[in-house]
Amino acid sequence: MNLLLVGLSHRTAPVEVRERYAVPDDALQAFDEKLAREPSCREALLISTCNRTELLVVTHARPEARERVYGMLSEIGDGSATPEHFYELYDEEALRHVFRVASSLDSMVLGEAQILGQLKAAYRAAAAAGSCGPLLGRLLQRAFRTAKRVRSETGLGASPVSIARVGVQLASEVFESLEQKRVLLVGAGEMAESALQGLVDAGARDVTVLNRTPETGRRLAARFGARAEPLAALERELRSADVALASAQVDRPLLGRVELERCMAERPGDPLLVIDLGVPRNLAADGNLVRDVYLYDLDDLDEVAERGRAKRRDAIAPANAIVQQEVERFGRWLAGLDAVPTIRQLLERAERLAREEALRVAPTLGADPDRERAAERMARAIVAKLLHHTVERLRSEAAEGGVPYYAAAVRELFGLSEEDD
């Protein structure tokens with residue numbers, strides 16, 4: 001059984017490519033259902049966040065699965081990604097990658113917690129779709145455990161960090177203080193909540209939350225003493241804002257150059273800082289051409305995020321050591337699966353022989369059901385004791401990679417055939 005992971009991320013593809021391959025949260029399950037129908041993919045999971053889109057599959061037919069995975073990625077995107085934007089990882093490297101992603105070691109913001117929640121959401125969607133089976137289920141549970149160890153044992157989770165907080169940090173660096181600035185927050189999801197907390201911590205007092213669902217926006221705003229407006233008011237609100245952080249989930253940009261030019265015409269010479277945290281982007285890239293508009297997207301935040309990574313660099317080596325420990329532990333469990341068919345066949349054959357022998361001697365015991373059951377229990381107990389060492393040796397060899405040799409020897413010695421499968 002093979003693991004295959006194909007994807008693109010902020011490390012290999014710019015935001016203008018990533019946004020074309022992003023899958024909304026409410027579409028994950030439908031896509032996983034399509035994966036579940038693929039013959040070459042025994043189990044499958046789609047991960048889609050602001051900085052990555054990845055397909056992880058378990059397959060017995062790697063060439064066919066690889067071809068189908070690329071085909072399905074093409075269905076998601078528009079063909080704008082080229083081969084160098086994608087990466088392919090197999091078996092242990094795929095496993096290590098998932099553990100590192102869950103632990104936020106592969107994130108733009110080292111130590112950010114949102115990726116773990118996003119990975120759990122992807123797992124729930126795949127489980128509901130029936131595309132996530134026992135192997136991927138066990139793998140993801142181990143990934144969650146790894147992330148918990150990394151955060152608790154290395155200090156990476158000691159302070160709240162996120163892409164949204166990096167956006168707030170950039171705004172704080174551009175302006176000496178946010179206390180007297182008028183701030184717009186577009187969206188009311190997890191990233192917006194993180195940004196709003198960061199804004200309040202940075203001293204922002206005049207914050208307006210704009211959201212497609214007004215009630216959701218009002219609830220978030222009320223928690224932080226902010227004001228709420230419907231998303232339709234975005235253009236109007238931008239006419240008097242100093243800073244806007246946008247993280248709404250959109251199919252296409254909310255505003256472009258034309259709309260921003262209208263806004264800026266009413267505030268000549270008054271600069272507007274826009275930090276677009278969305279993928280797909282909330283504002284069209286040509287908005288940066290508008291005079292006095294300073295538009296930053298996720299890729300522009302990398303330099304700010306790098307300073308945060310430098311502060312946490314001491315945690316990288318111990319975090320990677322934890323990941324390696326968990327990879328090896330899962331690898332031993334995975335190797336043990338190879339021994340399962342032989343163990344199962346050996347025990348089933350032994351049980352069958354025990355029952356047959358008990359039935360054979362039953363007539364000599366008289367018409368006594370209790371004696372017959374006792375004879376069967378004794379036969380089964382003798383067989384179990386005789387085979388105990390063999391079974392345990394098979395299991396231990398599985399952890400050391402010696403299953404093929406020992407399994408073949410057991411099959412030969414005990415007369416187990418492929419027909420027993």
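Mentor: Let's start with a word you'll need all the way through: a residue is buried when its relative accessible area is under 20%, exposed when that value is over 50%, and partly exposed in between, using a 1.4 Å probe and protein chains only. Cysteine 263 is a clear case of buried, at 0%. Keep in mind that this is a predicted model, where local features need pLDDT of at least 70 and side-chain atom pairs count only at pLDDT 80 or more, while totals for chains, interfaces and linings use all residues. Residues are numbered from 1 along each chain as its sequence is written, and side-chain values use heavy atoms, with hydrogens and water left out.

A disulfide is a covalent bond between the sulfur atoms of two cysteines; here the cut-off is a pair of cysteine sulfur atoms within 2.5 Å. Searching the whole structure turns up zero disulfides. Take cysteine 132, which is buried at 14% relative accessibility. The closest cysteine sulfur to its own belongs to cysteine 41 and is 13 Å away, so the gap is too far for a bond.

Now the helices. Helices (H or I, at least four residues) and strands (E, at least two) are DSSP runs, numbered from the N terminus. Begin with helix H4, residues 91-102. Its axis and that of helix H6 (residues 134-154) come within 8 Å and cross at roughly 45°. Those axes are lines fitted to C-alpha atoms, for helices over the stretch in contact, and the angles run from 0 to 180 degrees between N-to-C directions. Angles under 35 degrees count as roughly parallel, over 145 as roughly antiparallel, 65 to 115 as roughly perpendicular, and the rest as oblique. H4 and H6 are therefore oblique to each other. On the H4 side, the contact is made by Leu95, Val98, Phe99 and Ala102, and on the H6 side by Leu139, Leu140, Arg142, Ala143, Thr146 and Ala147. Contact here means heavy atoms within 4.5 Å. Sort those residues by class and you get eight nonpolar, one polar and one charged. For that sorting, Ala, Val, Leu, Ile, Met, Phe, Trp, Tyr, Cys and Pro are nonpolar, Asp, Glu, Lys and Arg are charged, and the others, Gly among them, are polar.

Most residues other than glycine have a negative phi, and most peptide bonds are trans. Aspartate 91, in H4, has a positive phi of about 50° without being a glycine, and it is partly exposed at 30%. Serine 104, in the loop between H4 and helix H5 (114-129), also has a positive phi, near 60°, but serine 104 is buried at 1%. As for cis bonds, the peptide bond from valine 279 to proline 280 is cis, with omega near 0°. Proline 280 sits in the loop between strand S9 (272-276) and strand S10 (293-296).

The C-alpha atom of leucine 95 lies 9.9 Å from that of glutamate 328, although 233 residues separate them along the chain. Glutamate 328 belongs to helix H13 (residues 316-337) and is partly exposed, at 41%.

Val166, Gln169, Leu170 and Glu173 in H7 meet Val304, Ala305 and Arg307 in H12, a set of four nonpolar, one polar and two charged residues. Valine 304 is buried at 6%. Not counting residues up to four places away in sequence, valine 304 touches Val166, Gln169 and Leu170.

Finally, helix H2 (residues 28-36) packs on helix H3 (residues 62-76) at about 155°, with the axes 12 Å apart. That makes H2 roughly antiparallel to H3. Phe31, Lys34 and Leu35 in H2 meet Met72, Glu75 and Ile76 in H3, and those residues divide into four nonpolar, no polar and two charged.
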